Amino acid sequence: MPAKNINPQPSGGSPTRELDRSRKASRAKPERVSLALQGGGAYGAFTWGVLDRLLEEEISFDAVSGASIGAINAALLASGLAKDGPDGARETLDAFWTKLSRMGILNRLLPPELLQAASALGVGSPYQFNPLDLNPVRDLLAHEIDFDAIQTGAPVRLLLSATRVSDGALRIFREQDVTLDVVLASSCVPQLHHAVSINGEPHWDGGFAANPPLIELIGASKVSDVLLVQIIPMNGADLPRTKKEIEHRLNQITFNSPLKGELEAISTMKKLSRADGDASPSGLSRKVQRLRLHQLAAEDHVPGLAEASILNVDASFLSELRDAGRRAGDIWLSDQRSLTEETL
């Protein structure tokens, strides 16, 4: 299935399904793009594959936003690029995901028997069943990401989201502020881990507030091409009926809601700026008008993804997602080459 160039619409269909009808009017293949990386647990291996293919092609990146596993992938990307360019980034991403699959962190963090017993006793808080806040991801991230290199020499600008617990506000952390705690905060699932304190304020998963940050990314980006890698399925299967099925679908809706809201907002901004003429548009308004928003949706490339668990870090599943991401990235690159040929 071909990649999509999104032309967000305020109504009349899902904004992530609208194709750009003016491809021939588009400029040539972008040599430099900004990235928006959605969070979604193990589905993030799809993003790994996309990044691996783009890095192989030596596409350069301007700014990168991310939430949850998207923030982790963004930090891995920035760290690898800072240390050894595209090859370093590919190696860093590969090392993290390979070790993650071997450790089985996401679904084996605590013994299943302990989680079942805690649930049966009504002990559903990580402050009760995980009082020491055990989190093997912490050590893995600390080993694989060079935070000093990100803060002082990252060749990309980062915008990582976290959700402030006290008021639900979106917090954006830039590359100079990215630490291990920031990445852990952005990926902090409150049902499993204690909130992460940053400057004395507790934070949870960034996907609750922005998944991923789009408007902030557009404002920070110096290029007009933004590639959105969406990994949480928008479309579910049949009506869920069991408790597990209902919770699974609710989580998909919850973590896609911020993205849908931002796409609607961007569409509205475009529409208003065209209607008003914008004699003296703001910097953000000008960027929105010039925006070319591309999308790679994992559900378009991975059959049955909507029913798969985001906690499944088995090597075979992650490899399947990575390979699908590489194929999706290759399709997108081919589409951009076709656009280049059409404009010649």
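Two strands are said to pair if DSSP finds at least two bridges between them. Helices (H or I, at least four residues) and strands (E, at least two) are themselves DSSP runs, numbered from the N terminus. In this sense strand β4 and strand β5 (residues 170-174) run antiparallel and are joined by five bridges. The structure is a predicted model, in which local features need pLDDT of at least 70 and side-chain atom pairs count only at pLDDT 80 or more, while totals for chains, interfaces and linings use all residues. Residues are numbered from 1 along each chain as its sequence is written, and side-chain values use heavy atoms, with hydrogens and water left out.

Eight of its eight residues are buried, where buried means under 20% relative accessible area, exposed over 50%, and partly exposed in between (1.4 Å probe, protein chains only). In a regular strand the side chains alternate between the two faces of the sheet. In β4, R157, L159, S161 and T163 point one way, L158, L160, A162 and R164 point the other way, and all are buried.

The partners of β4 can be taken in turn. With β5 it forms a hairpin that has five residues between the strands, and G168 in the turn has a positive phi of about 75°. Within this pairing, L159 has R174 of β5 as its bridge partner. Strand β3 (residues 60-67) pairs with β4 in the parallel sense over five bridges, and here S65 has L159 as its bridge partner. Strand β7 (residues 201-205) pairs with β4 in the antiparallel sense over three bridges; R164 has H203 of β7 as its bridge partner.

Strand β3 is largely enclosed by the rest of the structure, because seven of its eight residues are buried. Strand β2 (residues 32-37) runs parallel to β3 and is joined to it by five bridges, with V33 opposite F61 in β3. Between these strands the chain passes through helix α1 (residues 44-57), and the resulting β-α-β crossover is right-handed; that is, with the strands pointing away from the viewer, the path from the first strand over the helix to the second runs clockwise.

A nonpolar core is a set of buried Ala, Val, Leu, Ile, Met, Phe, Trp, Tyr and Cys residues joined through side-chain atoms within 4.5 Å. The largest has 66 residues, and L35, F46 and F61 have the most contacts inside it. Helix α2 (residues 69-103) gives the most to this core, with 14 residues. Apart from it lies another core, of 16 residues, including V226, L228, L263 and L293.

Helix α2 is not straight. A kink of about 140° lies at D84, shortly before the proline P86; the bend at a residue is the angle between axes fitted to the seven residues ending there and the seven starting there.

Finally, L214 lies in the loop between β7 and α9 (215-220). This residue is buried, with a relative accessible area of 0%. Leaving aside neighbours within four places in sequence, L214 is in contact (heavy atoms within 4.5 Å) with A36, V226, L259, E262, L263, I266 and L293. L214 and G66 are 148 residues apart in sequence and 9.1 Å apart in space, C-alpha to C-alpha.
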